[in-house]
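Here are some friendly notes to read with the model open beside you. Take the points in order and find each place on the screen as you go.

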Amino acid sequence: MIGWVFWLSVGLVGYVYAGYPLLVTLLAHLRPRPAWPRAPLPKVTLVIAAYNEEAVLEAKLEAVLQLDYPGELLQVIVAADGSDDSTVTIARRFIDRGVEVVHQPERSGKMAALDRAIAWATGDVIAFSDANNRFHTKAIRRLIAPYADESVGLTVGRKTVGGDSGLGYSEGAYWRYESHIRRMETRLGCTVGANGEIWAIRRDLYRSPPTGVINDDQWIAHAVIHAGFNVVFCPDAVSEEAVSETAADETERRSRMVAGQYQVFSDASIPWRRPLVAWMLVSHKLLRLMVPFGMIGAGLAAAAASVASPGGGLPGLGPPWGATALAAQAGFYGVALAGARLEGPLGRLAYVPRFLVDSNIAALRGLWRHLTGGQSAVWVRADRRPQ
């Protein structure tokens with residue numbers, strides 16, 4: 001029994017982190033890369049969520065106004081509800097340059113602010129961005145290119161994270177890994193991941209999530225998939241942002257996101273009528289939420305095998321394998337503990353186990369918040385290190 005627990009736990013972790021990415025990559029290479037037909041540029045509304053973003057908003061808007069997209073086809077709206085710093089004042093300085101500002105003093109959460117902004121939208125495609133990230137010059141062009149295909153309902157850009165610290169290196173590596181998976185899923189027709197920093201949707205497909213939804217982008221992506229449309233990853237539509245100020249800030253952010261993932265799967269069914277997409281959704285999103293339990297199960301099973309039967313007799317964990325498995329896991333967690341203390345290139349590499357452990361601790365916290373209703377849907381701005 002202990003051996004089965006160990007191998008099932010290891011199999012879960014291995015499938016999520018390595019097996020699924022390998023399988024989806026192999027399948028994707030049986031398909032040609034998607035090529036979008038040329039089509040007239042649509043009118044686009046870019047909605048920027050900005051709650052108390054006085055430190056970054058001016059630079060953000062200056063960069064947006066330099067985007068390579070015809071000005072007459074790009075409407076820019078700043079959604080700044082509830083801001084009590086200089087965010088609204090800064091945004092209003094750009095009104096004579098075509099920026100529109102939607103603001104009310106009361107804070108009702110990010111979705112309420114976005115919904116009020118969307119009521120002013122005139123674009124056929126609505127794009128979304130945060131205030132603390134920077135789009136590459138051609139990001140909007142790249143993000144809207146797939147809409148020439150009528151089966152495409154939502155597009156997602158590529159998030160990049162900068163920073164020389166171990167946290168910056170680890171988070172940057174994570175997003176490169178995540179981008180590869182999304183690229184391969186898109187070659188199979190539809191990715192299942194979305195991130196709020198850079199994404200867009202056909203206006204006629206937009207449906208406001210119910211009150212209390214935490215991950216609005218993921219909820220809307222699920223709705224688009226259930227409606228029979230595809231979600232497309234656009235790797236050339238690039239968004240840059242700085243790493244979180246501290247590891248604790250990053251863990252808090254991930255806890256919130258995981259609570260939102262559990263919420264999405266509680267409220268929305270798996271699209272079984274689309275078997276390939278359903279497999280990708282289960283493998284990429286649902287099973288990833290189970291990884292902490294796989295890590296705990298593998299550790300407990302290896303410890304039990306070493307203590308309960310040092311002389312052997314347990315399937316697959318007879319001596320010296322039970323003790324070896326336990327020692328390997330102890331070494332992994334030891335490196336994770338040391339990851340925050342080491343410096344230089346070695347420190348950045350050692351931080352990767354720390355990042356994985358912190359991410360899975362955040363997943364457990366997110367589950368607890370989901371079960372207890374302890375995660376507020378009100379938008380909380382995370383500090384980012386200056387680039």
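1. Let's begin with D115, which sits in helix α4. Please keep in mind from the start that you are looking at a predicted model. Is D115 buried, partly exposed or exposed? Its relative accessibility is 25%, so D115 counts as partly exposed, because the buried class stops under 20% and the exposed class starts over 50%.

2. Stay with D115 and look for its partners from elsewhere in the sequence. Setting aside neighbours within four places, D115 is in contact with Y206 and S208.

3. The mean pLDDT of the chain is 87, with 91% of its residues at 70 or more. Where in the chain is confidence lowest, and where is it highest? The lowest mean, 81, belongs to helix α8 (residues 247–267), and the highest, 97, to strand β7 (residues 198–202).

4. Both of those elements come back when you look at helix α7 (residues 216–226). Nine of its 11 residues are buried, so α7 is largely enclosed by the rest of the structure. Among the buried ones are D216, D217, W219 and H222. What do the buried residues of α7 pack against? They pack against α4 (110–118), β6 (152–162), β7, β8, α8 and α9. Just after the helix, G228 has a positive phi of about 95°.

5. For a positive phi in a residue other than glycine, turn to N52, where the value is near 50°. N52 belongs to the loop between β1 (44–49) and α2 (57–64). With a relative accessibility of 15%, N52 counts as buried.

6. Next, visit S283 in helix α9 (residues 275–286). Its relative accessibility is 2%, which means that S283 counts as buried. Its side chain makes a polar contact of 2.7 Å with the side chain of Y15. Beyond the neighbours within four places in sequence, S283 is in contact with Y15, Y20 and R288.

7. Compare this with N360, which lies in helix α12 (residues 344–372). N360 is buried too, with a relative accessible area of 6%. What does the side chain of N360 reach at 2.8 Å? It reaches the backbone oxygen of L356. An α-helix has 3.6 residues a turn, so residues three or four places apart point the same way. Apart from neighbours within four places in sequence, N360 is in contact with Y17, V291, P292 and M295.

8. Finally, explore the second largest pocket, with a volume of about 620 Å³. Its lining is made up of 26 residues, and those nearest its centre are W36, R141, R142, A145 and P146. Three elements, α5 (139–144), α6 (166–187) and β8 (230–242), each supply at least two residues of this lining. Which of them gives the most? That is β8, with five residues. By type, the lining residues divide into 17 nonpolar, one polar and eight charged.

Notes. Residues are numbered from 1 along each chain as its sequence is written. This is a predicted model: local features need pLDDT of at least 70, side-chain atom pairs count only at pLDDT 80 or more; totals for chains, interfaces and linings use all residues. Side-chain values use heavy atoms; hydrogens and water are left out. Helices (H or I, at least four residues) and strands (E, at least two) are DSSP runs, numbered from the N terminus. Buried means under 20% relative accessible area, exposed over 50%, partly exposed in between (1.4 Å probe, protein chains only). A polar contact is a pair of N or O atoms within 3.5 Å; within protein, one must be able to donate a hydrogen and the other to accept it, and residues adjacent in sequence count only if both atoms are side-chain atoms. Contact means heavy atoms within 4.5 Å. On a 1 Å grid over the protein atoms alone, a cavity is a set of points where a 1.4 Å probe fits but cannot get out, and a pocket is an open set with protein on both sides within 12 Å along at least five of seven lines; lining residues have an atom within 4 Å of a point. Grid points are joined across faces, edges and corners, and a volume is the space filled by probe spheres set on the points. Ala, Val, Leu, Ile, Met, Phe, Trp, Tyr, Cys and Pro count as nonpolar, Asp, Glu, Lys and Arg as charged, and the others, Gly among them, as polar. pLDDT is the predictor's confidence in each residue, from 0 to 100.
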